[in-house]
Amino acid sequence: MLQSRTICATVVLLGATLVTAAAPAVAAPATATAATTACPTGWGSAGKSATAATTASVTDVRTGRHDCYDRMVVDVPGAARADLGYSVRYVDQLHQDGSGRHIPVAGGAVLEVRVTAPAYDTGTGAATYPARAGAALPGVDLTGYRTFRDARFAGSFEGDTQLGLGVRGRLPFRVLQLDGRIVIDVAHTWTAAR
């Protein structure tokens, strides 16, 4: 009888040891995956621009969240990559082209985004993007974003469309020219870590 109790106790202790040893092995891959996410670096926060222009019109502005950055996309269907010009830079305040009117943009820093494409039909003057000067961008909800705080339409004047992007602070960013769109990515941090 004593021998069967000893065997049962040994089996119970051995089972507990195996369960305890197995638990860290299950948790380790999740930690390793999080640690291996490398974010791009070297973008900087200086202004970026490309000289080009198109008569294709801005039709939409949308945003998205990523592991390392928040993204804004300005859609200009029909415009070739080489025809899409832009200027993106940090400003103290956003001032509307033409009138000079100050447009408040929430956040620790403000990126002025200019795309050299009108937000109206050049033949008729009819708006192609349903936004009002000074108002939040239609359809853009920044709830839950790590970096973006506000997005405002400043206007479209003489073939340029001007937007204000409020961000948490002066953070590094990049601008990508693609067929039919300009992409602005603003990093969550200055380092390569998530």
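Residues are numbered from 1 along each chain as its sequence is written, and side-chain values use heavy atoms, with hydrogens and water left out. Because the model is predicted, local features need pLDDT of at least 70 and side-chain atom pairs count only at pLDDT 80 or more, while totals for chains, interfaces and linings use all residues.

**The sheet**

In the order β1-β4-β7-β9-β8 they form an open sheet of five strands with antiparallel pairing; two strands pair if DSSP finds at least two bridges between them. At the edges stand β1 and β8 (148–157), each with a single partner strand, so one side of each has no neighbour in the sheet. From one strand to the next, the twist averages 20 degrees (axes are lines fitted to C-alpha atoms, for helices over the stretch in contact, and angles run from 0 to 180 degrees between N-to-C directions).

Select Y90 to see one of the pairings: its bridge partner in β7 is L111.

**Salt bridges**

Keep β4 and β7 on screen and show R89 and E112. The two form a salt bridge, with the closest N and O atoms 3.1 Å apart; the term means a side-chain nitrogen of Lys or Arg within 4 Å of a carboxyl oxygen of Asp or Glu. The pair links distant parts of the chain, since R89 is in strand β4 (residues 86–91) and E112 in strand β7 (residues 109–115), 23 residues apart. R89 is partly exposed at 39% relative accessible area, whereas E112 is buried at 4%. Here buried means under 20% relative accessible area, exposed over 50%, and partly exposed in between (1.4 Å probe, protein chains only).

Now move to D150 and R152, which form a salt bridge with closest N and O atoms 3.1 Å apart. D150 is buried, at 9% relative accessibility, and R152 is partly exposed, at 23%. The structure holds seven salt bridges.

**The disulfide**

Select C39 and C68. They are joined by a disulfide with an S to S distance of 2.1 Å (the criterion is a pair of cysteine sulfur atoms within 2.5 Å). The link is left-handed, with -75 degrees about the S-S bond. C39 lies in the loop between α1 (2–36) and β1, and C68 in the loop between β2 and β3 (69–75), so the pair ties together parts 29 residues apart in sequence. C39 is buried at 9% relative accessible area, and C68 is buried at 11%. One disulfide is found in a search of the whole structure.

**S57**

Finish at S57, in the loop between β1 (48–50) and β2 (60–65). S57 is buried, with a relative accessible area of 14%. What does its side chain reach at 2.8 Å? The backbone oxygen of Y120. Leaving out residues up to four places away in sequence, S57 touches D75, V76, P77, P118, Y120, D121 and T128, where contact means heavy atoms within 4.5 Å.

Conventions:
Helix = DSSP H or I, 4+ residues; strand = E, 2+ residues; numbered from the N terminus. Polar contact = N/O pair within 3.5 Å; in protein donor to acceptor, adjacent residues only side chain to side chain.
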